[in-house]
Amino acid sequence: MKEAGRERILRAALELFGRDGVAGTTLSGLRAASGVSVGSFYHHFSGKEQVAEALFVESIGMYQDAFLAELKARDGAREAVTSVVAFHVRWCREHPDRARFMFTERPAGSEGLAERNGGFFREVRSWWRVQVRHGALLDVDAVTAFVLWLGPAQELCRLWLNGQCPEPDGGQVGSLSEAAWRSVGGAHGD
């Protein structure tokens with residue numbers, strides 16, 4: 001089955017935006033790389049900014065769905081916290097083009113992104129609150145929780161994807177996982 005025009009545009013955008021950025025990618029270059037006609041392009045998108053937004057929402061959706069699956073597959077808070085750190089690095093390794101794009105090209109004022117994030121963060125906050133009630137995690141706001149939990153892993157992946165350090169290894173992931181647990185584990189952590 002032939003790949004649909006929208007998917008061809010998004011696949012080409014991932015390559016071009018990753019190489020040249022959204023600002024450095026021309027609409028004609030994007031259209032040519034995707035192999036779609038002008039009419040087909042405008043049937044799916046109003047411009048490259050809308051393509052970037054759709055690509056970002058698609059990528060963050062893939063990440064968030066996998067994150068929640070990882071979180072729900074774990075029994076205790078410690079196992080969940082440490083495995084999600086490892087998941088984050090693994091996802092960036094498995095999807096380096098998407099991760100690099102997400103680190104550099106966040107769309108402003110995206111309704112699709114706001115809707116996607118709203119559902120994701122509701123689920124994570126709900127899980128977090130249950131863990132707090134059991135004394136397994138610290139009672140901190142969502143931003144502080146994210147920074148303590150995934151901030152170092154996020155920065156390691158960003159440095160690696162920007163070519164500023166080697167690909168993260170198991171020792172680094174293990175150290176970051178344990179550091180995350182020490183940062184967010186509550187008084188009665190499991």
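## Salt bridges

A residue counts as buried under 20% relative accessible area, as exposed over 50%, and as partly exposed in between. Glu-79, at 36% relative accessibility, is therefore partly exposed. The model discussed here is a predicted one.

The side chain of Glu-79 meets that of Arg-74 in a salt bridge, with 3.5 Å from N to O. Arg-74 also forms a salt bridge with Glu-70, at 2.6 Å. Arg-74 is partly exposed at 27% relative accessible area, whereas Glu-70 is buried at 11%. Together with Arg-90, the residues Glu-70, Arg-74 and Glu-79 are linked in a network of salt bridges.

Another salt bridge joins Lys-72 to Glu-123, whose closest N and O atoms are 2.8 Å apart. This pair links distant parts of the chain, since Lys-72 lies in helix α4 and Glu-123 in helix α7, 51 residues apart. Lys-72 is exposed, at 59% relative accessibility, and Glu-123 is partly exposed, with a relative accessible area of 35%. The whole structure holds 11 salt bridges.

## Aromatic pairs

There are 14 aromatic pairs in the structure. In the pair of Phe-41 and Tyr-42, the ring centres are 5.3 Å apart and the planes stand at 85°, so the pair is edge-to-face. Phe-41 is buried, with a relative accessible area of 0%, while Tyr-42 is partly exposed at 45%.

The rings of Trp-127 and Trp-149 are stacked, because their planes are at 25°, with the centres 5.9 Å apart. Trp-127 belongs to helix α7 (residues 111–133) and Trp-149 to helix α8, so that the pair links parts of the chain 22 residues apart. Both Trp-127 and Trp-149 are buried. They belong to one aromatic cluster, whose members include Tyr-63, Phe-67, Phe-87 and Trp-91.

A charge also meets a ring: the charged end of Arg-158 sits over the ring of Phe-103, 4.8 Å from its centre.

## Nonpolar core

The largest nonpolar core has 56 residues, and Phe-17, Val-51, Phe-67 and Trp-149 have the most contacts inside it. Helices that each supply at least two residues of this core include α1 (5–24), α5 (77–94), α6 (96–104) and α9 (170–184). Helix α4 gives the largest share, 11 residues. In soluble globular proteins, nonpolar side chains tend to be buried together.

## Surface patch

Val-143, Phe-146 and Val-147 make a nonpolar surface patch of about 280 Å². Val-147 is found in helix α8 (residues 142–161) and is partly exposed, with a relative accessible area of 47%.

Definitions and conventions
Residues are numbered from 1 along each chain as its sequence is written. This is a predicted model: local features need pLDDT of at least 70, side-chain atom pairs count only at pLDDT 80 or more; totals for chains, interfaces and linings use all residues. Side-chain values use heavy atoms; hydrogens and water are left out. Patches are made of residues with over 30% relative accessible area and no salt bridge: like charges are joined within 9 Å, nonpolar side chains (Val, Leu, Ile, Met, Phe, Trp, Tyr) within 5 Å. Accessible areas come from the Shrake-Rupley method with a 1.4 Å probe; for residues, only the protein chains shown count as cover. A salt bridge is a side-chain nitrogen of Lys or Arg within 4 Å of a carboxyl oxygen of Asp or Glu. Helices (H or I, at least four residues) and strands (E, at least two) are DSSP runs, numbered from the N terminus. Buried means under 20% relative accessible area, exposed over 50%, partly exposed in between (1.4 Å probe, protein chains only). Rings of Phe, Tyr and Trp (its six-membered ring) pair if their centres lie within 6.5 Å; planes under 30 degrees apart count as stacked, over 60 as edge-to-face and the rest as tilted. A charge sits over a ring if NZ of Lys or CZ of Arg is within 6 Å of the ring centre and within 35 degrees of the ring normal. A nonpolar core is a set of buried Ala, Val, Leu, Ile, Met, Phe, Trp, Tyr and Cys residues joined through side-chain atoms within 4.5 Å.
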